[in-house]
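Subject: Structure for you to look at

Hello,

I am passing on the structure we spoke about. Please open it first, then read the notes below it.

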Amino acid sequence: MSHFITPENIERLKQAQEADRVQLDYTQPIPKEVPKEAAVADGDSQIGTVGCVAVDSEGNLATATSTGGIVNKMVGRIGDTPIIGAGTYANHLCAVSATGRGEAIIRGTIARDVAAVMEFKGLSLKEAAAYAMDRVPRGNAGLIAVSSTGEVDMLFNTTGMFRACATEDGYSEIAIWDSPAK
């Protein structure tokens, strides 16, 4: 555990505490003195959740989600990633991995809602993902999902979301900024 206690991490925690804020782990500490002509980082890096969804040729689904973490989080806070149904979920219909503000994702149980809407309303993956994301306040979340038939959706209501996909028919997509959810 001591290998995580570095001068940089101590400084990052100290800055977050002094500013009374939380921020993503692995954020570069903001220098105490910044030249006026230099841009100042806001304390949040673009390193965060890493999620993966997959379907095999027989329609078996899997998902995995790893959090980026938060500095100066409330003691005892548990994010959405380890809560099945909130940040990660897979069943016989779809696999979903979510990213964003954990509290909003937990309240919306985004990942499970996609599967539930597919099952109980008979919606497609894209329709179900849009339905689940519409229930999350704007600027709070994104998700990647795949259905047992290979339908893929990558939806977000934030400024951007790092994402990529590849399908067996040769389609691939790598993007950050395009087409946020409305």
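Met161 is found in the loop between strand E8 (152-156) and strand E9. The model is a predicted one. Met161 counts as buried because its relative accessibility is 8%, and the cut-off for buried is under 20%. Leaving out residues up to four places away in sequence, Met161 touches Thr99, Gly142, Leu143, Ile144, Met154, Leu155, Phe156, Ala175 and Ile176. Met161 and Gly100 are 61 residues apart along the chain, and their C-alpha atoms are separated by 9.2 Å.

Gly100 itself lies in strand E6. With 40% relative accessibility, Gly100 counts as partly exposed. UniProt, in an unreviewed entry, lists Gly100 under "binding site", together with Arg77, Ile78, Gly79, Asp80, Thr99, Arg101 and Gly102. Thr49 sits in the loop between strand E1 (23-24) and strand E2 (50-55). Its relative accessible area is 27%, so Thr49 is partly exposed.

Strand E9 (residues 163-166) and strand E10 (residues 172-175) run antiparallel and are joined by four bridges. Ala166 stands opposite Ser172 in E10. The two strands, E9 and E10, form a hairpin with five residues between them. In the turn, Gly170 has a positive phi of about 100°.

Now the nonpolar cores. Which residues have the most contacts inside the largest nonpolar core? They are Cys94, Val96, Ile110, Val114, Met118 and Leu143, in a core of 24 residues. Two or more residues each come from strand E6 (94-100), helix H2 (102-108), helix H3 (110-121), helix H4 (125-134) and strand E7 (141-147). H3 gives the most to this core, with six residues. A second, separate core has five residues, including Ile144, Phe156, Met161 and Cys165. In soluble globular proteins, nonpolar side chains tend to be buried together.

Apart from neighbours within four places in sequence, Leu143 is in contact with Val96, Ser97, Ala98, Ile110, Val114, Ala129, Met133, Asp153, Met154, Leu155 and Met161.

Helix H3 can be checked by its length. Its twelve residues should span 16 Å at 1.5 Å a residue, and the C-alpha atoms at its ends are 16 Å apart, which agrees. The buried residues in H3 are Ile110, Ala111, Asp113, Val114, Ala115, Ala116, Val117 and Met118. Among the elements that cover them are strand E5 (88-90), E6, H2, H4 and E7. Just after H3, Gly122 takes a positive phi of about 70°.

Finally, the protein overall. How many helices and strands does the protein have? There are four helices and ten strands. Of the 182 residues in the protein, 35% are buried. Among contacts with a separation of 6 or more, 44% are between residues 24 or more positions apart. The protein exposes about 11,200 Å², and carbon and sulfur atoms supply 57% of that area.

Regards

Methods
Residues are numbered from 1 along each chain as its sequence is written. This is a predicted model: local features need pLDDT of at least 70, side-chain atom pairs count only at pLDDT 80 or more; totals for chains, interfaces and linings use all residues. Side-chain values use heavy atoms; hydrogens and water are left out. A nonpolar core is a set of buried Ala, Val, Leu, Ile, Met, Phe, Trp, Tyr and Cys residues joined through side-chain atoms within 4.5 Å. Buried means under 20% relative accessible area, exposed over 50%, partly exposed in between (1.4 Å probe, protein chains only). Contact means heavy atoms within 4.5 Å. Accessible areas come from the Shrake-Rupley method with a 1.4 Å probe; for residues, only the protein chains shown count as cover. UniProt positions are given in the numbering used here, feature names are shortened, and annotations may be inferred rather than shown by experiment. The expected span of a helix is 1.5 Å times one less than its number of residues. Two strands pair if DSSP finds at least two bridges between them.
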